[in-house]
Amino acid sequence: MSRTLTFPSSDAPALPIVSLDVPDDWHVLSTTAAMLAAAKEVEQGEFRPNVVVSISRFGSGYTLGTAIEAVIDKVSSIEGVVELGRDRPEVLGRAGFRIEFSYPDARVGTLVQAVRLALVSNGPALDLVEVTATATAAQSMAIWPEIRAIQASATLA
C-alpha cells in the first residue's frame, strides 16, 4: 500500500509569502537559494547592493534563540569580521533579531552586511525567514538608511 504526499498540503504547507518595498532603482535579482532578492541599479562593474530573503524549514522544536545563536556563530567565524551592532527589532510583525557587521573581501574591499531574522509558525513546521542586505563599505555610507528601510518593510502576505 502507498499514498501520495504533496507540497504544498496541510502536512507540508507552502512557504511563507514575503514582500519587500523597494525604491524605483531596485529590481528583482535571480540568485541561488533566495526566495526573493532585489538589487540596486549601479554602473557596470560595480558591486550591486542587495537584499536577499531566504527561508529555511525546521521542526516544531526550533526556536528563535537557536537561530540567533547560529547566525552569531556564523558571523563570528568570518575572518576579520567587525560587529557593528545587534538588537531585537520586530521582523515580519513578530519577535526578531538584527545583526550588522563588516568584513574584508578580496574582490571589493570591505563588505557590510545586515541580517534580520524571524520565525514563522506554519502548521507542523517553523520557517526561519532571513532578510540579508549587503553593500560595500563605501556604498553603505550613502545607502544604509535605504537598505534598513527595505529590510524593515518585509511583511508576510
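This is a predicted model: local features need pLDDT of at least 70, side-chain atom pairs count only at pLDDT 80 or more; totals for chains, interfaces and linings use all residues.
Student: Which residue forms a salt bridge with arginine 86?
Tutor: First the general idea: side chains of opposite charge can pair when their charged atoms come close. Here the partner is glutamate 83, and the closest N and O atoms are 2.7 Å apart. Glutamate 83 is partly exposed too, with a relative accessible area of 37%.

Student: How many salt bridges does a search of the whole structure find?
Tutor: Eight. One of them joins lysine 40 and aspartate 25, with closest N and O atoms 2.5 Å apart. That pair links distant parts of the chain, 15 residues apart. Lysine 40 sits in strand β3 (residues 36-40), and aspartate 25 in the loop between β1 (18-19) and β2 (26-28).

Student: Why does lysine 40 count as buried?
Tutor: Apply the cut-off: buried means under 20% relative accessible area. Lysine 40 has 13% relative accessibility, so it counts as buried. Aspartate 25 has a relative accessible area of 26%, so it is partly exposed.

Student: Which glutamate forms a salt bridge with lysine 40?
Tutor: Glutamate 146 does, with the closest N and O atoms 3.2 Å apart. This pair also links distant parts of the chain: glutamate 146 is in helix α2 (residues 137-152), lysine 40 in strand β3, and they lie 106 residues apart. Glutamate 146 counts as partly exposed, at 24% relative accessibility.

Terms used
Residues are numbered from 1 along each chain as its sequence is written. Side-chain values use heavy atoms; hydrogens and water are left out. A salt bridge is a side-chain nitrogen of Lys or Arg within 4 Å of a carboxyl oxygen of Asp or Glu. Helices (H or I, at least four residues) and strands (E, at least two) are DSSP runs, numbered from the N terminus. Buried means under 20% relative accessible area, exposed over 50%, partly exposed in between (1.4 Å probe, protein chains only).
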